[in-house]
Amino acid sequence: HDLWGGMTVMFSSVNTCWTLVAAFLVYFMQAGFALCEAGFTRAKNTGNILMKNMMYFCIGTPCYWLIGFGIMFGAASPFFGGFDFFADGVVGEGYDWTTLIFQTVFCATAATIVSGSMAERTKFSAYCIYSMIISAVIYPVSGHWIWGGGWLAELGFHDFAGSTAVH
């Protein structure tokens, strides 16, 4: 009995470690995105591009933790998860802090996708507002449909490595 109980704990720890390693790898992809984006723009805009790539994570993370995670994993309806500020009710109800960290880096990646197309075309303040909206509402709603028990999940939809939710 102790052997199987210990094995369960070990597998849970392995899953947590692997998920965190994957989250850190996705987080460090942001540096690659920033360099790629800076390489495709004029030299005079490099500072602006690098600042945008840092700010969407600085702005997006609190917005996602405050509002987005509850929208994504709450159980209000198949279309909208619900409001759960600071993820208080969701974490512990089937989700843990590892999931919050993992989903946060993917939320930042979703904001990065549009960042490249907006390079040299938007004001810095407009990009900050965009980052808040995508982190608090857009990514969480689409993520709820796919991973949070929403209508696509109920239809049996399977997302390969987050490619649908992020892109």
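Biologist: Leaving aside its neighbours within four places in sequence, which residues is cysteine 63 in contact with?
Modeller: Cysteine 63 is in contact with Gly68, Met132, Ser135 and Ala136, once neighbours within four places in sequence are set aside. Keep in mind that this is a predicted model.

Biologist: Good to know. Where does cysteine 63 lie, and is cysteine 63 buried or exposed?
Modeller: Cysteine 63 lies in helix α2. Its relative accessible area is 17%, and the cut-off for buried is under 20%, so cysteine 63 counts as buried.

Biologist: Let me zoom out. How many helices and strands are there in the protein chain?
Modeller: The protein chain has six helices and zero strands. Reading from the N terminus, the order of elements is α-α-α-α-α-α.

Biologist: And what share of the residues is buried?
Modeller: Buried residues make up 41% of the 167 in the protein chain. The chain exposes about 9,400 Å², and carbon and sulfur atoms supply 74% of that.

Biologist: Which residues have the most contacts inside the largest nonpolar core?
Modeller: They are Tyr56, Tyr64, Val105, Phe106, Tyr130 and Tyr139, in a core of 21 residues. Helices α1 (2–39), α2, α3 (97–118) and α4 each supply at least two residues of this core.

Biologist: Which helix gives the most to this core?
Modeller: That is α3, with eight residues. There is also a second, separate core of five residues, which includes Ile59, Cys63, Cys128 and Ala136. In general, nonpolar side chains in soluble globular proteins tend to be buried together.

Biologist: Beyond four places in sequence, which residues does threonine 61 touch?
Modeller: Threonine 61 touches Tyr56 and Thr104. Threonine 104 is found in helix α3 and is buried, at 5% relative accessibility.

Biologist: Is asparagine 53 buried or exposed?
Modeller: Asparagine 53 is buried, with a relative accessible area of 6%, and lies in helix α2. Its side chain reaches the backbone oxygen of isoleucine 49 at 2.8 Å.

Biologist: What is asparagine 53 in contact with, neighbours within four places aside?
Modeller: Asparagine 53 is in contact with Gln30, Phe33, Ala34, Glu37, Thr112 and Ser115. From C-alpha to C-alpha, asparagine 53 and alanine 108 are 9.3 Å apart, although 55 residues separate them in sequence.

Biologist: Switching topic to helix shape: where does α4 bend?
Modeller: α4 bends by about 45 degrees at isoleucine 134. The end C-alpha atoms of α4 (residues 124–146) are 31 Å apart, which agrees with the 33 Å that its 23 residues should span at 1.5 Å a residue.

Biologist: And how far does α3 reach?
Modeller: α3 has 22 residues and reaches 32 Å from its first C-alpha to its last, close to the expected 32 Å. Following α3 is glutamate 120, with a positive phi near 65 degrees.

Biologist: Last one: what does tryptophan 151 touch, leaving out residues up to four places away?
Modeller: Tryptophan 151 touches Pro78, Phe79 and Trp145. The C-alpha atoms of tryptophan 151 and phenylalanine 79 are separated by 6.4 Å, at 72 residues apart along the chain. Tryptophan 151 is found in helix α5 (residues 151–154) and counts as partly exposed, at 30% relative accessibility.

Conventions. Residues numbered from 1 in each chain as written. Predicted model: local features only at pLDDT ≥ 70, side-chain atom pairs only at ≥ 80, totals over all residues. Heavy atoms only, no water. Contact = heavy atoms within 4.5 Å. Helix = DSSP H or I, 4+ residues; strand = E, 2+ residues; numbered from the N terminus. Expected span 1.5 Å × (residues − 1). Bend = angle between axes of the 7 residues up to and from the residue. Buried < 20%, exposed > 50% of the residue type's maximum accessible area, 1.4 Å probe, protein only. Areas by Shrake-Rupley, 256 points an atom, 1.4 Å probe, with all protein chains shown as cover. Core = buried A, V, L, I, M, F, W, Y, C linked by side-chain atoms within 4.5 Å. Polar contact = N/O pair within 3.5 Å; in protein donor to acceptor, adjacent residues only side chain to side chain.
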